[in-house]
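This briefing is for a reader who has not seen this structure before. Please look over the sequence and the model, then read the points below.

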Amino acid sequence: NVALRTQRNVGISWGIYRDLGPDPAQYLEDGTPSLNWEAAVGILISIDNKPAFGIGLEFVEDQIHIRQLQGAVTFRDREANLREWPRVSIETCIDFARLSDTIREVRVYRADQTPFYRDPVLIPRPGQSRDDAIADNRQRMRRRYDGTARQLKMRATPTYYVWSRQESAQA
């Protein structure tokens with residue numbers, strides 16, 4: 001069991017999204033969307049009433065598909081114990097699958113298989129070119145999705161990384 005610990009006010013919200021794209025409840029002061037959901041189920045963790053990170057999921061037959069591991073634009077907290085949120089999020093899904101009678105796999109989409117990797121909606125930092133912003137974003141996504149899945153020793157396929165109940169039982 002892994003827990004993220006902080007002294008701050010932490011909240012959890014979730015939603016089911018029929019129309020994917022910007023979350024209408026999550027905009028920056030200048031009107032820019034701070035979160036774009038790419039999956040039907042979004043779980044958002046807030047710290048001090050600001051979006052910190054989220055996970056976008058789809059439930060497909062007997063699988064959980066993790067489509068999105070999102071660090072919110074407004075989240076600037078660099079506490080060391082919060083840097084592990086991608087791993088904690090994926091491990092939580094795996095723990096849920098282990099406890100479930102019906103979920104046999106958890107899949108994390110490879111970074112380059114996500115819409116935001118291929119066609120990012122982002123605003124470069126002051127003085128940063130759009131190309132550099134895209135390269136930085138892709139590097140973060142590869143570390144967040146692919147790096148975390150490899151750290152958890154998930155099996156790689158061309159589209160996603162897989163944890164399976166069967167492979168876990170054999171290990």
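Which kind of link do the side chains of aspartate 95 and arginine 98 form where they meet? They meet in a salt bridge, with 3.5 Å from N to O. The model is predicted, and eight salt bridges are found in the structure.

**Salt bridges**

- Aspartate 95 and arginine 98 are both part of helix α1, three residues apart, or about one turn of the helix.
- Aspartate 95 counts as partly exposed because its relative accessibility is 31%, and arginine 98 counts as partly exposed at 45%.
- A salt bridge also joins the side chains of arginine 155 and glutamate 167, at 2.6 Å from N to O.
- This pair links distant parts of the chain, with arginine 155 in strand β8 (residues 155–156) and glutamate 167 in helix α4 (residues 165–170), twelve residues apart.
- Arginine 155 is partly exposed at 35% relative accessibility, and glutamate 167 is partly exposed at 31%.
- Arginine 104 is partly exposed, with a relative accessible area of 36%, whereas glutamate 105 is buried, with 7%.

- Helix α1 covers residues 85–99, 15 residues in all, and spans 21 Å from its first C-alpha to its last, close to the expected 21 Å.
- Buried residues of α1 include Trp85, Val88, Ile90, Cys93, Ile94 and Ala97.
- The largest nonpolar core contains 26 residues, and Ile66 and Val106 have the most contacts inside it.
- At least two residues of this core come from each of β4 (41–47), β5 (50–60), β6 (63–71), α1, β7, α3 (130–151) and β9 (160–164).
- Helix α1 gives the largest share of this core, five residues.
- Leaving aside neighbours within four places in sequence, valine 106 is in contact with residues including Ile64, Ile66, Cys93, Ile94, Ala97 and Trp163.

**Threonine 114**

- Threonine 114 sits in the loop between β7 (105–109) and α2 (115–118).
- Threonine 114 counts as buried because its relative accessibility is 0%.
- A polar atom of the threonine 114 side chain lies 2.9 Å from the backbone oxygen of alanine 111.
- Not counting residues up to four places away in sequence, threonine 114 touches Glu38, Arg67, Tyr109, Met141 and Tyr145.

Terms used
Residues are numbered from 1 along each chain as its sequence is written. This is a predicted model: local features need pLDDT of at least 70, side-chain atom pairs count only at pLDDT 80 or more; totals for chains, interfaces and linings use all residues. Side-chain values use heavy atoms; hydrogens and water are left out. Helices (H or I, at least four residues) and strands (E, at least two) are DSSP runs, numbered from the N terminus. Buried means under 20% relative accessible area, exposed over 50%, partly exposed in between (1.4 Å probe, protein chains only). A polar contact is a pair of N or O atoms within 3.5 Å; within protein, one must be able to donate a hydrogen and the other to accept it, and residues adjacent in sequence count only if both atoms are side-chain atoms. Contact means heavy atoms within 4.5 Å. The expected span of a helix is 1.5 Å times one less than its number of residues. A nonpolar core is a set of buried Ala, Val, Leu, Ile, Met, Phe, Trp, Tyr and Cys residues joined through side-chain atoms within 4.5 Å. A salt bridge is a side-chain nitrogen of Lys or Arg within 4 Å of a carboxyl oxygen of Asp or Glu.
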